[in-house]
Amino acid sequence: EPQCNMVIRRSWEEISGRLLQTNSQMRPRIMYRYRKMLQQEMQMDRTVQRLRTKMQVQHRPQHLQKKEKIRKTAIIYSPVDGIAADLSTAPDEGFAGKMMGDGAVVTPTEGTVYAPADGEVEFIFDTKHAIGFQTDSGIPMLLHMGIDTVKLEGKGFEILVTEGQKVKKGDPMMKLDLEFLTANAPSITSPILDTEPEDNQRIRLLANGEIKAGEPLFAVETLE
């Protein structure tokens, strides 16, 4: 843990230097990178704690082990037509390793991205490739369309919503030029993430294979 903190501090020193040297348009992206580093550190801490708790439970006598009870379940629906798969199959180590959150991936076969639940558009990247979203049930989400698509600087994407806009499940939020993206991005496989799963929450994949927009993709289960 001390080593993680040292890495974060060194990264912040590096980022602070870059903030002073770069233009104002790039600064939000750099600050986003730093915030994600902090999230990753907290997520590592939570993972270690979960593993410790799991080991403690496994070593208890069977009659003392408590069965997990689900207090509530929130369903996240696929934002696109495509092929659904486990997040671990993402062709990017950061996403596959759940460094940005947990969820699933969908490889789009049709070019409209719809709201995955009732909620609010929290932020839209300047490069249009990703949308931050908060569901009405309180789940912070990231819809990241494609891998390394930030480098396309907005080409291949058309945003149909604005920051702060309230949407209903199934409302169109983005258009994708799949022909252009397939030709110019490393992959169009798209991580659909719960960016801040709590310690007492788990993600359960509900689809594997062909899926239509609006069909259940994964569940966020909150345990007692």
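Two strands count as paired if DSSP finds at least two bridges between them, and strands themselves (E, at least two residues), like helices (H or I, at least four residues), are DSSP runs numbered from the N terminus. With these terms, Ile 159 can be said to stand opposite Met 174 in strand 10.

The structure is a predicted model, in which local features need pLDDT of at least 70 and side-chain atom pairs count only at pLDDT 80 or more, while totals for chains, interfaces and linings use all residues. Residues are numbered from 1 along each chain as its sequence is written, and side-chain values use heavy atoms, with hydrogens and water left out.

**Overall picture**

The secondary structure of the protein comes to 4 helices and 14 strands. Of its 224 residues, 42% count as buried, where buried means under 20% relative accessible area, exposed means over 50%, and partly exposed lies in between (1.4 Å probe, protein chains only). The accessible surface comes to about 12,700 Å², with 50% of it belonging to carbon and sulfur atoms; such areas come from the Shrake-Rupley method with a 1.4 Å probe, and for residues only the protein chains shown count as cover. Among contacts (heavy atoms within 4.5 Å) in the protein with a separation of 6 or more, 68% are between residues 24 or more positions apart.

**The two sheets**

Strands of a sheet pair through backbone hydrogen bonds, either parallel or antiparallel. An open sheet of 3 strands has the order 4-10-8, with antiparallel pairing. Strand 4 (112-114) and strand 8 (157-159) stand at its edges, each with a single partner strand, so one side of each is left without a neighbour in the sheet. Strand 8 pairs with strand 10 (residues 172-176) in the antiparallel sense over 3 bridges.

Another open sheet, of 8 strands, has the order 9-5-6-7-11-3-2-13, again with antiparallel pairing. Its edge strands are strand 9 (166-167) and strand 13 (209-211), each of which pairs on one side only. Within this sheet, strand 6 (residues 130-135) and strand 7 (residues 140-144) run antiparallel and are joined by 5 bridges, with Gln 134 standing opposite Pro 140 in strand 7. Strand 2 (residues 82-86) is joined to strand 3 (residues 102-108) by 5 bridges, also antiparallel, and here Ala 84 has Val 106 as its bridge partner. Strand 2 is joined to strand 13 by 3 bridges, with the two running antiparallel, and Ile 83 has Glu 210 in strand 13 as its bridge partner.

**Salt bridges**

A search of the whole structure finds 5 salt bridges, each being a side-chain nitrogen of Lys or Arg within 4 Å of a carboxyl oxygen of Asp or Glu. The table lists some of them.

| Salt bridge | N to O distance |
|---|---|
| Lys 166 and Glu 120 | 3.6 Å |
| Arg 202 and Glu 221 | 2.7 Å |
| Glu 221 and Arg 204 | 2.6 Å |

Lys 166 in strand 9 and Glu 120 in strand 5 (residues 119-124) are 46 residues apart, and their pair links distant parts of the chain. Lys 166 is exposed, with a relative accessible area of 57%, whereas Glu 120 is partly exposed at 27%.

Arg 202 lies in strand 12 (residues 201-205) and Glu 221 in strand 14 (residues 216-223), so this pair ties together parts that are 19 residues apart in sequence. Glu 221 counts as buried at 3% relative accessibility, while Arg 202 is partly exposed at 33% and Arg 204 is partly exposed at 40%. Through shared partners, the salt bridges join Arg 202, Arg 204 and Glu 221 into one network.
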